[in-house]
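Keep the viewer open as you read.

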Amino acid sequence: MKLRRTITEITDAEEREAQEAVGRLAGTSPTHHHEGPSETYFANLIVRTNERIDRASSGLAISLSWLARVAVPGVVAIIFFFIGLHYYGPERSTPSVVEMIGTLTPPALDSLLLASQADPAVAATLQRSLFDVSADQLVEFYIATENPTTVLETLPEQQVKDIAAILEARAVNL
Amino acid sequence: MEPLTDLELVQQVRNGKREAFTELMRRYQQRVYWVARRIVGSHDDADDVAQETFVKAYLALGDFRGDSSFFTWLYRIAVNLSLNVVRKQQVMNYLRDSPIISSLLPARENPHKDAELKDLASRLQQAVAKLPEKQRAVFVMRYFDEMSYEEISKVLKTSVGGLKANYFHALRKVQEFLKDEIAPNHN
């Protein structure tokens, strides 16, 4: 059986040696930044971040943003997985995403939501405003933001609306 | 005139002076960007994490109690957000491995990501991307940012001993990856 070395066995010299070996193999110094962005980028980053702060400063925006970008896509991604499993099952028809979410128990749904929870440092802020939105607002916000990366793009608007309604109704413990 | 300390700037933000937060962003945006970039691997994701880090910090500034330095607190947010991105990448990659699931998903999030990783991030970045998330975070902070274990401990809220072990194992894995990468070229 291969045993892991205990913490106390690792000396500073060994660590330094391993670190230098990595540096030699990589051919770069640790602080070397590969083709990093320009100073213009960082100046622009401040402007864009300030704009984002403006948008996020209202409680409504925080809720909508979190729901649309984190909670709903996170749940849907996992549900797609369940649909895939179902598809392989014998003599089973493929349920819709909405049906699948509808069958989850509240604790299971809460677990899914918590799995995609935001940073604990701002959890208190989020909790104050989470789900204080209607399904219509969520859909409008989602469509307006046109996030190109989410799996929600594959869903019809009505399904997004239905999912949002279920999340609103059930995820009361967050 | 002496520049204001971070805590003085934080106090000004709390008193409604938004420009003070811009100054804090100016001070730390590069470090926030680079720790995110090292952990998530791509510029686009790092850009998003950097922005989100400052947004979250701004919104949660009222909860900042000063138990740790502002930078440590900010850095913790950046690392946690970066690890969230990594987890999502792993879930999406896992889902994409299934032909049925992948047919339900939209096209790859960022078609340039693989090429970017190859072109920009070097073999070392590829090696880092193979590490488990905790080791990845520790490696980035220790190797690239040259942070002390005490500083990392404050960010990750983990014991120094555990961090040392994490870092050493990460170094070993990175070494092995790099050796494997180099070996075929020498044959």
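Start with helix 2 (residues 39-56) of chain A and helix 3 (residues 43-59) of chain B, whose axes come within 9 Å and cross at roughly 45°. Keep in mind that what you're looking at is a predicted model. Angles under 35 degrees would count as roughly parallel and 65 to 115 as roughly perpendicular, so at roughly 45° helix 2 of chain A and helix 3 of chain B are oblique to each other. As for handedness, helix 2 of chain A passes helix 3 of chain B in a right-handed crossing.

Which residues do the meeting here? On the side of helix 2 of chain A you'll find A:Leu45, A:Arg48, A:Thr49, A:Arg52, A:Ile53 and A:Ala56, and they meet B:Ala50, B:Gln51, B:Phe54, B:Val55, B:Tyr58 and B:Leu59 in helix 3 of chain B. Sorted by class, the residues of this contact come out as eight nonpolar, two polar and two charged.

Let's pick one residue out of that set. A:Arg52 sits in helix 2 of chain A. If you leave aside neighbours within four places in sequence, A:Arg52 is in contact with B:Gln51 and B:Val55.

Now step back to chain A as a whole. Chain A has 174 residues, of which 28% count as buried. Take the contacts in chain A between residues at least 6 apart in sequence, and 75% of them join residues at least 24 apart.

Over to chain B, where the tally is ten helices and zero strands. Of the 187 residues of chain B, 41% count as buried. Among the contacts in chain B between residues at least 6 apart in sequence, 64% join residues at least 24 apart.

Inside chain B there's another helix pair to look at. The axes of helix 2 of chain B and helix 8 (residues 133-144) of chain B come within 9 Å and cross at roughly 130°. How do these two helices lie to each other? Roughly antiparallel would need an angle over 145 degrees, so helix 2 of chain B and helix 8 of chain B are oblique. Their crossing is right-handed. From helix 2 of chain B come B:Val35, B:Arg38 and B:Ile39, which meet B:Arg136, B:Ala137, B:Val140, B:Met141 and B:Phe144 in helix 8 of chain B. By class, that contact has six nonpolar, no polar and two charged residues.

While you're on helix 2 (residues 18-40) of chain B, find B:Arg31, which has its place there. B:Arg31 has 15 C-beta neighbours inside 10 Å, so it counts as partly exposed. B:Arg31 and B:Ala78 are 47 residues apart in sequence, yet their C-alpha atoms are 9.7 Å apart in space.

Last stop: helix 7 (residues 122-129) of chain B, whose buried residues are B:Leu124, B:Ala127 and B:Val128. Why do they end up on the same side of helix 7 of chain B? Because they cover an arc of only 100° around the axis.

How values were computed. Residues are numbered from 1 along each chain as its sequence is written. Chains are lettered from A and ligands numbered from 1 in the order in which they are written. This is a predicted model: local features need pLDDT of at least 70, side-chain atom pairs count only at pLDDT 80 or more; totals for chains, interfaces and linings use all residues. A residue is buried if 20 or more other C-beta atoms lie within 10 Å of its own, exposed if 12 or fewer, and partly exposed in between; C-beta atoms are placed from the backbone. Helices (H or I, at least four residues) and strands (E, at least two) are DSSP runs, numbered from the N terminus. The arc is that of the directions from the helix axis to the C-beta atoms. Two residues are in contact if their C-beta atoms, placed from the backbone, lie within 7 Å. Axes are lines fitted to C-alpha atoms, for helices over the stretch in contact, and angles run from 0 to 180 degrees between N-to-C directions. A crossing is left-handed if the near helix is turned anticlockwise from the far one by less than a right angle, and right-handed if clockwise. Ala, Val, Leu, Ile, Met, Phe, Trp, Tyr, Cys and Pro count as nonpolar, Asp, Glu, Lys and Arg as charged, and the others, Gly among them, as polar.
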